Amino acid sequence: MSDSRMFSILTLFLVVPASISVHGAISGEEYSTTAISTTSLHCWQEDEFSILTECARCNPFQMKSWAPCARTGFIEKINCAKTNQVEYKSCRSSWIDERLFWRFEGIMMCLMVVLVLVVIARQRTLDHLASEKVRRQILSI
């Protein structure tokens, strides 16, 4: 098997899964928010609001029954300033984002180590071929 073919196969097995697992961290849909309401605009979209309950994980029942929970799996309770209306809004947990970041960093470090090893192996192969070529040229003289 040639080195370039081995490198292509290695790239497919390492880069593609890494990009798929990281895709969730950069997807714009996960950062959008929704709330339970019948109006087209929610009070938190057009008004100042205060957070009554910090971003918390939804339980399995809430994940299936509430639209804000189904989106990200996390929800926060807010109070709009003008209307004094209490609503629920989906949110992103900072520790989930941090975990995704460190997972991405770990995957990139592992990928770097593997690719450094591939480069070293390839360099050794090329050095060996070059020395063999020089040896054959010297023997032919």
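Q: What separates Glu 132 and Arg 135 in helix H5?
A: Glu 132 and Arg 135 are three residues apart in helix H5, so about one helical turn separates them. Helices (H or I, at least four residues) and strands (E, at least two) are DSSP runs numbered from the N terminus. The model is a predicted one, in which local features need pLDDT of at least 70 and side-chain atom pairs pLDDT 80 or more, whereas totals for chains, interfaces and linings use all residues. Residues are numbered from 1 along each chain as its sequence is written, and side-chain values use heavy atoms, without hydrogens and water.

Q: How many salt bridges does a search of the whole structure find?
A: A salt bridge places a side-chain nitrogen of Lys or Arg within 4 Å of a carboxyl oxygen of Asp or Glu. The search finds three. In one of them, Glu 132 and Arg 135 have their closest N and O atoms 2.9 Å apart. Relative accessible area describes cover: buried is under 20%, exposed is over 50%, and partly exposed lies in between (1.4 Å probe, protein chains only). Glu 132 is partly exposed at 22%, and Arg 135 is partly exposed at 42%. Another bridge joins Arg 92 to Asp 97, with 2.6 Å from N to O; Asp 97 is partly exposed at 24%.

Q: Are Lys 89 and Glu 76 buried or exposed?
A: Both residues are buried. Their salt bridge has its closest N and O atoms 3.5 Å apart. Lys 89 lies in strand S3 and Glu 76 in strand S2, so the pair ties together parts that are 13 residues apart in sequence.

Q: With which side chain does Asn 79 make a polar contact?
A: A polar contact is a pair of N or O atoms within 3.5 Å; within protein, one must be able to donate a hydrogen and the other to accept it, and residues adjacent in sequence count only if both atoms are side-chain atoms. The partner of Asn 79 is the side chain of Asn 84, at 3.2 Å. Asn 79 belongs to strand S2 (residues 74–80) and, at 17% relative accessibility, is buried.

Q: How is an aromatic pair described?
A: The distance of the ring centres and the angle of the planes describe the pair. Rings of Phe, Tyr and Trp (its six-membered ring) pair if their centres lie within 6.5 Å; planes under 30 degrees apart are stacked, over 60 edge-to-face, and the rest tilted. The structure holds two such pairs. Trp 66 and Tyr 88 have ring centres 4.9 Å apart and planes at 45 degrees, so this pair is tilted. Trp 66 lies in the loop between helix H3 (60–65) and helix H4 (67–72), and Tyr 88 in strand S3 (residues 86–90), so the pair ties together parts that are 22 residues apart in sequence. For Phe 101 and Trp 102, the centres are 5.0 Å apart and the planes at 75 degrees, so the pair is edge-to-face. Phe 101 is partly exposed at 41%, while Trp 102 is exposed at 53%.

Q: Where does UniProt place the feature "transmembrane region"?
A: UniProt positions are given in the numbering used here, feature names are shortened, and annotations may be inferred rather than shown by experiment. The unreviewed entry places this feature at residues 100–121. Over residues 100–121 the chain is 100% helix and 0% strand, with the end C-alpha atoms 32 Å apart.
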